Amino acid sequence: MLEIRWHSRAGQGAVTGAKGLADVISTTGKHVQAFAFYGSAKRGAAMTAYNRVDDKMIMNHEKYMEPDYVFVIDPALVYTSDVTINHKDTTKYIITTHMTTDQLIASQPKLKGKEVYTLDCIQIAQDTIGRPIPNTPMLGAFMKVSGMYDMEFFKKSMQRILAKLPQKIIDANMIAIQRAYDEVK
Amino acid sequence: MAFDKMKLRDIEVWDGNFAAAQAMRQCQIDVVSAYPITPSTPIVEGYAKFLADGYVEGEFVMVESEHAAMSGCIGAAGAGGRVATATSSQGFALMVETLYQASGMRLPIVLNVVNRALAAPLNVNGDHSDMYLGRDSGWIQFDAYCPQDAYDLNFIAFRVAEDHDVRLPAMVHQDGFMTSHTAQGVHTMDDDTAYSFVGEFKPMNDMLDFEHPVTHGVQTEEDWHFEHKARQHNDLMTKVFPKIEAAFDDFEKLTGRRYNLVEKYDLDDADVVVVCMGTSVETAREVALEMREKGIKAGVLGLRVIRPFPFFQIQEALKGIKAIAALDRSSPNGAPGMLFNELAGCLFNTDTNAMLSGYVYGLGGRDLTKRHLTDLYVELQANVDAGKITTPLQQFIGVRGPKLAFL
């Protein structure tokens, strides 16, 4: 069982990202689950979304999770939410920030001793898609850190998932995914 | 047919709402009369989009309340069409008056109920309060545990409800957010196969058949009211189960997926059993398997059909079980839980020695964790070991503050 928790703000696309990732993984024969805590669902409010992946049918519907990966797609949530809650010793963190990994850990001591990767998903999304929607860059970074799939397969899958968007936006997302893959450290 | 077919992959990653909307598209509903409410809104939105995009030949009626939504469904069903809608919580509560009209008038409407708590305090999350509110309304009630079930049970609901020997409306329940907004793999049917399972709508006593005029919604006083109600109850008690079982059999032949009136998991040699509904059934299944590795003979019984209540099937399934927990996800507000009472009724006149205890859990979407269920099985095993119930008969799982227990 692979479990992922997303920390996001409502409107940044964590739910779409989690469902998109589930869709990609499902095509490889694995069982998937993607869900979110909505709370009162005000745009900009802190929220969490979740992925479960397994070789067998996923029967567990509890919301409690000790994640293998934590994705933080809004830079401020590292300080205002507890992104390390219910962690394991092996939990890996991919965090969007304009800082280096060392600077980030120095600014948030809870991350000390943890396996932390960083990149600036917000800046990448701004530069490529033209809007601060950091979900697809996070998935590009996840592909690099996890080595889950090769990029050609992943990008092709994401093109299918984004198919209802204008071609220009799809192309921009592909560039964003590749940049994130290349820039995550 | 004057609409486009949609190409689906064998497995689509859908949440429960979208699964239900797709089933409604494939059943080619004639009329959806709807008013939106969280968390069920995407079902009727989905149908409306399919209609606008030319994938359905039907009509979407926007109304001013859920009371009007069900009233519109009643009118359309009386006129003679395949009719469905969806609602939750407060919307369901506002619909209640009309629910009794629909069943009393024997109109085969399908209502997707995305289970949600009832205010006050206001809460949009999933529990079974609305589902419990509907249980005396004369509708058939199916219960989904996951998005796949929400898809499949819609087809089964139409097949059963529209059968001329049944002619009763049916609800398909799914847990708010836990199923409705949780995306999982759903095995799909292609449009032709799916439609072939429900078939073309065959009207009966339809008001638009001007050759054979009929009256719907009449008044009967003490001269006939009781006979109508007794006949409705008789049909629910005697005619519905054989039709549901036939539909389950045919559905299995078509898809390979098997449904049962009660879903039994590892009950044959079980000592301790959790009885519950919705997503909790699947979580409990997973925990029961883990308990068996620890030497506790654990099982799960899930209700697939809540009304009519599968009395004898449950009696049979719980034979030889030593300790049973009835899990109610709705506040009984001054009584034992519904499931506790129904199970007690099932078991009372039998030679069972089972110990039955009730638990209230998960109100307003409060998480039911694997840890909770593990502790529950351990508690049931302690009852078995002690040879008596060691706790009060009614306990609360997962509520903060001092431990609450009654009876």
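## The sheet in chain B

Let's start with the open sheet of chain B: 7 strands in the order S9-S11-S10-S13-S14-S15-S16, with mixed pairing. Strand S9 (262–265) and strand S16 (405–406) of chain B are the edge strands, each pairing on one side only. Strands pair here if DSSP finds at least two bridges between them; strands (E, at least two residues) and helices (H or I, at least four) are DSSP runs, numbered from the N terminus.

This is a predicted model, with pLDDT of at least 70 needed for local features and 80 or more for side-chain atom pairs, while totals for chains, interfaces and linings use all residues. Residues are numbered from 1 along each chain as its sequence is written, and chains are lettered from A and ligands numbered from 1 in the order in which they are written.

B:Tyr265, for instance, has B:Val300 in S11(B) as its bridge partner.

## Helices on the sheet

Helix H10 (residues 279–293) of chain B lies across S9, strand S10 (272–276), S11 and strand S13 (323–328) of chain B, at about 165° to S11(B). Helix H12 (residues 338–348) of chain B also packs on the sheet, touching S10, S13 and strand S14 (355–361) of chain B, and its direction makes about 145° with that of S13(B). Angles run from 0 to 180 degrees between N-to-C directions, using axes fitted to C-alpha atoms (for helices, over the stretch in contact).

Chain B splits into domain 1 (11–204 + 219–255) and domain 2 (262–406), with bounds from an automatic or database domain assignment. Their C-alpha centres lie 28 Å apart.

Across the boundary, 26 residues of domain 1 of chain B are in contact with 19 residues of domain 2 of chain B; contact calls for C-beta atoms, placed from the backbone, within 7 Å. On the domain 1 side, the largest share, 4 residues, comes from S6(B).

## One face of a chain A helix

In helix H4 (residues 121–128) of chain A, the buried residues include A:Cys121, A:Ile122 and A:Ile124. Buried means 20 or more other C-beta atoms within 10 Å of the residue's own, with C-beta atoms placed from the backbone. Down the axis of H4(A), the buried residues fall within an arc of 165°, so they line one face of the helix. The arc is that of the directions from the helix axis to the C-beta atoms.

Definitions and conventions:
Contact = placed C-beta atoms within 7 Å. Buried ≥ 20, exposed ≤ 12 C-beta atoms within 10 Å, placed from the backbone.
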